[in-house]
Amino acid sequence: MKKVNKTTFATGFHFIPLGGSEEFGINFNLYACDGKWMIFDCGIGFADHRFPGVDILLPDPAFVEEYKNDILGMVITHGHEDHVGAVPYLWPRLKCPIYCTKFTAAVLRAKMNERPDCKGAKIIEISTESELVLDPFRFQFIHVAHSIPQAVSTVIETSYGRVVHSGDWNLDPTPVIDTPTDEAAFRAAGDKGILAYIGDSTNAPQAGRAGTESDVVIGLEHVFAEAPGRILITIFASNIGRIQSICRAAEKTGRSVCMLGRSLHRMTSNAHQCGYLGQTQSFVSEEELPFLPSDKTVLMVTGSQGEAQAALARIARGDWKGIKLGKGDTAVFSSKAIPGNEKDINAVKNYLSAAGVTIVDNKNSRHKVHVSGHPYRDEIADMLSWIKPKAVIPVHGERLMLEAHANLARDMGIETVVIPNNGSVIRLSQEEGVEIVDHVPTHALAVEPNRVISSHHKGIAERRKLQFSGAAHVTVVLDSRGFLAATPHITLIGMIDDTDEEDQEILEEIKQEIDDVLLEIREEEITDMLRIEEDIRICIRRMLNDIFGFKPKVSVHLLRV
Ligand SMILES: [Zn+2]
Ligand SMILES: [Zn+2]
């Protein structure tokens, strides 16, 4: 990739988000200090309808790859997919040491072990007890509460100033696993002086506070007690605290918990390795289910985002052997929709509803069945009051989330607020200030079943267009005099129904149109194959636009015999 930026990174301290600062997911943040680089997080994003045939998106590391020899390492703040999911894809290109806490390391190892090209990856466990020094950086990790164990914020210290990279966090005062966010450590960092706070904006538009997981235990207890039949509950597999809450509520209401879905089994195994879930009752296996009364069980399932192949969607469709839900059963959505997934989730809810299942989520229930892992406005205000940064740089979110975060910071009297785009180069300097000084090119990568390509790849753009306007393929065979040697062969994709007679007439009209075009061609042009192809293409395109009101992709192949 050609470098177009003008900033030299040989001196100074810069922050460059390459992903996550325009969308939810794809977090990939760079810090450059005196020619050395650190990467913070390397996550995936879910692809939406704009990327047909693509499930996930990755950040594009091409820019930082040019500085590969000066990358000191990658810090993964926690084990959520939007922070860790792209590591197995991109590590082979970057090959730098990875630093993360024990639980995050367990999540990462499980992923990387499946990839031969990740062999040799060095995963180094960090702790909140000790600092990490990678000259010219010094890192202090601070424990934060989040919807996954062992998430960290990082104080990054350089000779140009000290910044806080928040990662994802909230201020749950009574989490069910781990401890609350370490307020004292943030206050102590604030006392030393913080140049900039680079922080989670996900819930900045929400007033108030996220709440506490302990209330979810009570909420679930009520829901479980009131449910007459079988209970199905869907969560993010990595939310070990929620698994603990479900187990507690189940125990209190005399129900056994059964896990369905590969990622839940994998995550609970990670949790056990790291000393979590030891106090909860043991899970019952799927094979034991038929021997238990349905009002004595809770099925904990994957697929809270409506993923078609996950346990929840399959059970909802009646596509899971041995489990059939119906009237009297309850499905609890103990999670939030990641923006863009709402339609898929509703599709699952509709299946369940049609079968007579009662749907419970945070919106329709008087009981709390979910709390967010991200800080609401009052929590962000607390954080800013503890660390008193000179500048705030909102990241981790769509533009409206970043704007809400920025407005809050301005309301609190923060001197400098800088809203980045992906690729913004932000100078971090005690003397010269914090501001955007440059922009480097960046865009997401798209993961197809057998390859990874640019999200701007023409193939994706063409598939998107085909979805809306279809395609016409026309083969025309001419003899040496320029007359048709055979009937033109026409295939229309996405326009006609083969069983509809009226639609068949369209094919005849196209053939007539081809005849007309050929008649118009003058003798001296009869050998100009490209010209004839183009004339036919334009006429058919115009004709199809007149008929359907959209312009399909038309390709014409002219053969001469
Ligand atoms: Zn996140
Ligand atoms: Zn997270």
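**Entry 1: an edge of a sheet**

Which residue in S10 is the bridge partner of Val133? I looked this up in the predicted model and found that Arg138 is the partner of Val133. Strand S9 and strand S10 (residues 137-144) are antiparallel, and 3 bridges join them. I then traced the whole sheet, which is open and has 7 strands in the order S9-S10-S11-S12-S13-S19-S20. Its pairing is mixed. At the edges I noted strand S9 (132-134) and strand S20 (416-417), each of which pairs on one side only.

I also recorded the helices that lie against this sheet. Helix H11 (residues 377-387) packs on the sheet and touches S12, strand S13 (196-200) and strand S19 (391-395). The direction of H11 makes about 160° with that of S13. Helix H12 (residues 399-411) lies across S13, S19 and S20, and runs at about 160° to S19. As a reminder to myself, strands of a sheet pair through backbone hydrogen bonds, in either the parallel or the antiparallel sense.

**Entry 2: the zinc ion, ligand 1**

Which residues coordinate the zinc ion (ligand 1)? I found Asp82 (OD), His83 (NE2), Asp168 (OD) and His396 (NE2), at 2.0 to 2.1 Å. The angles among the 4 donor atoms run from 87 to 163°, and the site is irregular. Along the sequence I wrote the spacing of the donor residues of ligand 1 as D-H-x84-D-x227-H. Asp82 lies in helix H2 and Asp168 in the loop between S12 and H5, so this pair ties together parts that are 86 residues apart in sequence. Both Asp82 and Asp168 are buried.

**Entry 3: the zinc ion, ligand 2**

How far apart are the zinc ion (ligand 2) and the zinc ion (ligand 1)? They are 3.5 Å apart, and Asp168 coordinates both. For comparison I noted that the ideal angle for four tetrahedral donors at a metal is 109.5 degrees.

His78 lies in the loop between strand S6 (71-75) and helix H2 (81-84), and Asp168 in the loop between strand S12 (161-165) and helix H5 (183-192), so the pair ties together parts that are 90 residues apart in sequence.

**Entry 4: two loop residues**

I looked up Asn170, which is in the loop between S12 and H5. Asn170 is buried, with a relative accessible area of 3%. Leaving aside neighbours within four places in sequence, I found Asn170 in contact with Ala145, His146, Thr181, Ala210, Ser372, Gly373, His374, Pro375 and Glu379.

Gly35 is in the loop between strand S2 (28-33) and strand S3 (36-40). At 19% relative accessibility Gly35 counts as buried, because the limit is under 20%. Not counting residues up to four places away in sequence, Gly35 touches Phe9, Ala10 and Asp70. The C-alpha atoms of Gly35 and Pro173 are separated by 40 Å, and these residues are 138 apart along the chain.

**Entry 5: further strands**

In what order do the strands of the 4-stranded open sheet stand? The order is S4-S5-S23-S24, and the pairing is antiparallel. Strand S4 (45-46) and strand S24 (452-454) each have a single partner strand, so one side of each is left without a neighbour in the sheet. Strand S23 (residues 445-447) pairs with S24 over 3 bridges, and Ala446 stands opposite Ile453 in S24.

I also examined strand S21 (residues 424-429) and strand S22 (residues 433-439), which run antiparallel and are joined by 6 bridges. A hairpin of 3 residues connects S21 to S22. Ser429 has Gly433 as its bridge partner in S22.

**Entry 6: domains**

Finally I noted the division of the protein into domain 1 (13-208 + 372-454), domain 2 (213-360) and domain 3 (470-560). Taken over C-alpha atoms, the centres of domain 1 and domain 3 are 54 Å apart.

Definitions and conventions. Residues are numbered from 1 along each chain as its sequence is written. Chains are lettered from A and ligands numbered from 1 in the order in which they are written. This is a predicted model: local features need pLDDT of at least 70, side-chain atom pairs count only at pLDDT 80 or more; totals for chains, interfaces and linings use all residues. Side-chain values use heavy atoms; hydrogens and water are left out. Donors are N, O and S atoms within 2.8 Å of the metal (3.2 Å for Na, K and Ca); water is not among the atoms, so sites may look incomplete. Two strands pair if DSSP finds at least two bridges between them. Domain bounds come from an automatic or database domain assignment. Contact means heavy atoms within 4.5 Å. Axes are lines fitted to C-alpha atoms, for helices over the stretch in contact, and angles run from 0 to 180 degrees between N-to-C directions. Four donors count as tetrahedral if all angles lie between 85 and 135 degrees; four count as square planar and six as octahedral if opposite donors are over 155 degrees apart and all others between 65 and 115; anything else is irregular. Buried means under 20% relative accessible area, exposed over 50%, partly exposed in between (1.4 Å probe, protein chains only).
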